[in-house]
Amino acid sequence: MDIHRNTWIEIDLDAIAYNIKQIQKKLPKETKVMAVVKANGYGHGSVQIAKQALQAGSDYLAVALLEEAIKLREASIKAPILVLGWVPPKSAIVAARYGITLTVFQQEWLEQIKGYTFSPPLHLHLKVDTGMGRIGIRTEQELKDISQALNENNSIYLTGVFTHFSTADESESTYFDEQRTRFKNTLSQLKELRMEKINVHIGNSASAIRLPEAMYDFVRFGISMYGLYPSQEIKVKGEIELKQAFSLHSRLVHVKKINPGDCVSYGCTYQAEAEEWIGTLPIGYGDGWLRKMQGFSVLVDGKRMPIVGRICMDQTMIKLDQAYPIGTKVTLIGCQNDACISMDEVSNYAETINYEIPCILNDRIPRIYKEQ
């Protein structure tokens, strides 16, 4: 694609492959990787990340929405795809036509598709709510009702069962262990009700890193596939080495000297105390670069320079230590020379989690994909 603005995101596809290899080293040989590429691959680009993940050894893909799965199919991706979220019953026919596996957890949902004939057959994974409190079955009676409803349509197959942990990334493991116990009990009940072979997956990035030997058939490798740790607790333990795949860059489009007392940006929240050099970057909150980042630093010539004044919809101003030529590269996330600004540092300053930052940096910023 042609790029007409001096702001871009670089995605290191080699880092994606490296991170997948790192988790594979920890897993038993029989446990495979399901690459999670929902939310446009956590803002990295779902199609490009999916293709790289499969090439690196992933066997399965997971998304949140049926639309996300269809996008992958229309990009000629043929690997199994699981939709983790709820899909309207009427859309089940579309899912079957594309060979996309859906998540089921309601008897009523199965009743609504009872009269449908699926060709090819519709594959389903059962979601168990062991304590996350979002979606999933919670009781043995729900399990029995769903099992009975599954028997009423011979073009539907249950091919998997899973749960999700809410505290796997925390050092305190009591609730995590309780969820594991609840899932084991439900799995035992399911095996008494149904004889077919099903895939079992419970592991997100955090639990896969912590307990790789207890992850059943698949791990759902999400945040850590992108080189980000699920939490500081997981990071400091040093059980896995990851490489951040995402970096954000811009270029100076204007440089000017201002005088003592001059103001920068809306509301005059920044006023120069002396003569200063101010640079303007073509990125703002309209791109997802939050107004809250005012006061944070960026890298110019490998040196940290502060963001001054309020971040605008399309532009951000920085205080420079000297005059720089128009077009000078500025790194907002990533490394420049020997200096680095990590995703964790950005998310900490924004008082959020590292998951959120790449997701909110939107499609106005072009992605450039690099690999050796």
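**Reading a core and a helix pair**

Mentor: The largest nonpolar core here has 116 residues. Those with the most contacts inside it are L102, L122, L124, M225, L248 and W289. The model is predicted: local features need pLDDT of at least 70, side-chain atom pairs need 80 or more, and totals for chains, interfaces and linings use all residues. Numbering starts from 1 along each chain, and side-chain values use heavy atoms, without hydrogens or water.

Trainee: What is a nonpolar core?

Mentor: In soluble globular proteins, nonpolar side chains tend to be buried together. A core is a set of buried Ala, Val, Leu, Ile, Met, Phe, Trp, Tyr and Cys residues joined through side-chain atoms within 4.5 Å. Buried means under 20% relative accessible area, exposed over 50%, partly exposed in between (1.4 Å probe, protein chains only).

Trainee: Is L102 buried or exposed?

Mentor: L102 is buried, with a relative accessible area of 0%. L102 touches L66, L82 and W109, among others (contact means heavy atoms within 4.5 Å).

Trainee: How are two packed helices described?

Mentor: By the angle between their axes and the distance between the axes. Axes are lines fitted to C-alpha atoms, for helices over the stretch in contact, and angles run from 0 to 180 degrees between N-to-C directions. Helices are DSSP runs of H or I, at least four residues, numbered from the N terminus. Here α7 (residues 140–150) and α8 (residues 174–193) pack at about 30°, with axes 11 Å apart. That makes α7 roughly parallel to α8, a term for angles under 35 degrees.

Trainee: Which residues make the contact?

Mentor: E140, L143, K144 and S147 of α7 meet T186, Q189, L190 and L193 of α8.

Key: Helix = DSSP H or I, 4+ residues; strand = E, 2+ residues; numbered from the N terminus. Parallel < 35°, antiparallel > 145°, perpendicular 65-115°, else oblique. Lists of a residue's contacts leave out its neighbours within four places in sequence.
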